[in-house]
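Take a walk through this model, one element at a time. Keep the sequence and the 3D view open side by side.

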Amino acid sequence: MKYLDEFSDPALAGKLLDRIHEVTTRPWAIMEVCGGQTHSIIRHGIDQLLPDGIEMIHGPGCPVCVTPLDMIDRALEIAAREDVIFCSFGDMLRVPGSERDLFRVKSEGADVRLVYSPLDALKIARQNPDRQVVFFGVGFETTAPANAMTVYQAQRLGVENFSLLVSHVLVPPAVAAIMESSTCRVQGFLAAGHVCSVMGTREYPPLAERYEVPIVVTGFEPLDILDGLRQTVTQLEAGRSEVENAYPRAVAEHGNPAARQMLEDVFEVTDRSWRGIGMIPRSGWRLSGKYRAFDAEYRFDVGGINTEESSVCRSGEVLQGLIKPNECAAFGTLCTPRNPLGATMVSSEGACAAYYQYRRLDLAGSGATS
Amino acid sequence: MTQEARDHTDLVAVPHPSAAVDPAAWTCPAPLRDSPTIVMGHGAGGAMSAELVQHLFLPGYGDAATPDLGDSAVCTVGGRRLAFTTDSFVVRPTFFPGGNIGDLAVNGTVNDLAMSGARPLFLSTAFILEEGTPLEELNAVARTMGEAAGRAGVQLVTGDTKVVDSGHGDGIYVNTAGVGLLDENVHIGPDRARPGDVVLLSGEIGLHGIAVMSSREGIEFGTTVESDTAALDSLVQHMRATGADLRVLRDPTRGGLAASINEIAVASGVGIEITERDLPVPEAVSSACGLLGLDPMFVANEGKLVAIVPAEEAEQVLAAMREHPRGEKAAVVGECVADHPGAMVSRTGLGATRVVDLPVGEQLPRIC
């Protein structure tokens, strides 16, 4: 496929790996921010090929993983209502709330539908004027423009039975929160390429400067990730901490102006809780006053639902890079993709699920299969 | 009944603490977990389907159950060995690029028989129809079934029709059961793979799953992806004519190549290593999978087979496959090893390795 195969070329990957080995003289801990990058690193086995001292810390950029438990419980409460058609992207369906997940609610008779775009949910709303149609709008800056567009269209077309359950979160405040943590070990960041394709790169120089960390905007294919790593290690070895763009084919400095304008109109910044991390001030978006009527939290009055995380689950430490997934006692025993205790075990982008799927044999020692 | 491979991955796991499942209903050694009701994952051909068989159907059937590990059961009647299988088809939409529920139902059962090495002979056809289904649609399905049976050389010898109230079905559901005869010298089974054996794949993967998904969801991927639904018995006969020892044959339908390879690895007690670079994946399938966050190894096929043969006979069998129209793009995709018995390991394009597990339930498209 164009833009996929070219960026997986083994010969070029070998050259980039050679270059990384050449420039590396010391151990470095580098965080890839985005879950898509985590998935790609583990799926292609990139971390197995890096110099011994280079440690990848898997960041909090998986929307499924950081959506807080009480937001899942709100979704479940809304989805279970008889008058509601609840629409969601696929990988939210298996995220455990405190007692069940959307698959369970569906099996109990709720009308839960998997869609590939929020605009499909709007179409469903227009086809079912006597039902309430709710879309679960989760994700980072990447998925936000489509959700913003959908709410904008709903208002423009007067589709009053549509609403959005919003749980949008933002990358730069999370990067700041990670660097502020007293236990932080991260020395460099691969920034999330698709987030930057929307927002541009201008939010990052102040972060690189304040925390003295290199931040390299990086894509998702093997060559993208290797080139991002090469640039990050080169900066670290030279004692530089700058923002560089290793994903120029998708990311412009100013991002996507049309998308940003839409985001500014539809959303406003708010405090958000992150599953496993906690409250980060001004780290998310909610619908702005002008569009409040389309906010499912208000429409269904579920804002009062508050739930606590499983005390066994250490996904917070995983998301902050303090432990590797297999260092959690529940990993692979109490907690598996079948019975996830925390969201990092649910999505294939989650660090725990990626380790479970692709690394179980290495971690358990040769010969073990259970 | 087709017996799925045992759930080998997490027999030691305990139930989710919050799952409201009645412990009294559990059967040893591992309980049915997650849900007190049927969920979609129970029908997806992965670990949940296998667990339903292992912990509900088999204990329920008791002594009456003598399941066979293969795609078909092989029974001996009057000195002759008979292959017997059944499969239900609930695909939505009924008509999709490259086929419809009718040829899918005939080819699927023919292929389950063919994977045991049997010559498929007779099929039954049973319909569950929803009130209001246009006769025109049913007629089109029936004609396609006749044509598919003709191509596969099987006879449709008995059938049944039931109608359910509007809203209690989804148009047309079809069940087919089939019987075939095995020659005396044929011994093909999922437990016969040995370290050193070679894994052959008859062609491009992922076509049926993507064809159905794109027509169901109205997603276009540049070119129309057509289902690969086809009967494979003549390909199998052609492979058998080489005289080589076909140890394992499997058609990787639900759960895709990953599910079939995992099942073989568990049943045979070998490790199986697949080289990703050697997998024939059509460009449109890899584009679609890239877009939806799916792995082609988990996407369904309806006209492909995996064969495991001794290394010294691999070249001969591969050549025979490539002579046949259903195997033109056949390739060597991996080998069986003594390491990590029961597990499938994939060598990535970059030369690293990863475990490829049996899918739990349905594969879920990722958000981004």
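**A walk through chains A and B**

Helix H6(B) is followed by Gly269(B), whose phi is positive, near 65 degrees. Helices (H or I, at least four residues) and strands (E, at least two) are DSSP runs, numbered from the N terminus. This is a predicted model: local features need pLDDT of at least 70, side-chain atom pairs count only at pLDDT 80 or more, and totals for chains, interfaces and linings use all residues. Residues are numbered from 1 along each chain as its sequence is written, while chains are lettered from A and ligands numbered from 1 in the order in which they are written.

Step back into H6(B) itself. It covers residues 256-268 and has 13 residues. From its first C-alpha to its last it reaches 19 Å, close to the 18 Å expected at 1.5 Å a residue. That expected span is 1.5 Å times one less than the number of residues in the helix. Burial is a matter of counting neighbours. A residue is buried if 20 or more other C-beta atoms lie within 10 Å of its own, exposed if 12 or fewer, and partly exposed in between, with C-beta atoms placed from the backbone. In H6(B), 13 of the 13 residues are buried, so the helix is largely enclosed by the rest of the structure.

Now take chain B as a whole. It has 8 helices and 14 strands. Of its 368 residues, 51% are buried. Two residues are in contact if their C-beta atoms, placed from the backbone, lie within 7 Å. Among the contacts in chain B with a separation of 6 or more, 82% join residues 24 or more positions apart.

Next comes a helix pair in chain B. Helix H5 (residues 233-240) and helix H8 (residues 311-323) of chain B pack at an angle of about 140 degrees, with their axes 9 Å apart. Axes here are lines fitted to C-alpha atoms, for helices over the stretch in contact, and angles run from 0 to 180 degrees between N-to-C directions. H5(B) passes H8(B) in a right-handed crossing. A crossing is right-handed if the near helix is turned clockwise from the far one by less than a right angle, and left-handed if anticlockwise. Leu235(B), His238(B) and Met239(B) of H5(B) meet Val317(B), Ala320(B), Met321(B) and Glu323(B) of H8(B). By class, this contact has 5 nonpolar, 1 polar and 1 charged residues. Ala, Val, Leu, Ile, Met, Phe, Trp, Tyr, Cys and Pro count as nonpolar, Asp, Glu, Lys and Arg as charged, and the others, Gly among them, as polar.

Some backbone details in chain B deserve a look. The peptide bond from Arg92(B) to Pro93(B) is cis, with omega near 0 degrees. Pro93(B) sits in the loop between strand E2 (80-89) and strand E3 (95-96) of chain B. His340(B) is not a glycine, yet its phi is positive, about 30 degrees. Its loop runs between strand E12 (331-337) and strand E13 (344-347) of chain B. With 21 other C-beta atoms within 10 Å, His340(B) is buried.

Turn to chain A. Arg282(A) also has a positive phi, about 50 degrees, although it is not a glycine. This residue lies in strand E11 (residues 278-287) of chain A. Arg282(A) is partly exposed, with 13 other C-beta atoms within 10 Å.

Helix H2 (residues 35-44) of chain A is mostly covered: 10 of its 10 residues are buried. After H2(A) comes Gly45(A), with a positive phi near 70 degrees.

Ser163(A) lies in strand E6 (residues 162-169) of chain A. It is buried, with 28 other C-beta atoms within 10 Å. Leaving out residues up to four places away in sequence, Ser163(A) touches Val134(A), Phe294(A), Asp295(A), Ala296(A) and Arg299(A).

Finish with a helix pair in chain A. Helix H7 (residues 118-127) and helix H8 (residues 144-157) of chain A pack at an angle of about 25 degrees, with their axes 8 Å apart. H7(A) and H8(A) are therefore roughly parallel to each other. Angles under 35 degrees count as roughly parallel, over 145 as roughly antiparallel, 65 to 115 as roughly perpendicular and the rest as oblique. The crossing of H7(A) and H8(A) is right-handed. H7(A) contributes Pro118(A), Leu119(A), Ala121(A) and Leu122(A) to the contact, and H8(A) contributes Ala146(A), Asn147(A), Thr150(A), Gln153(A) and Ala154(A). By class, the contact has 6 nonpolar, 3 polar and no charged residues.
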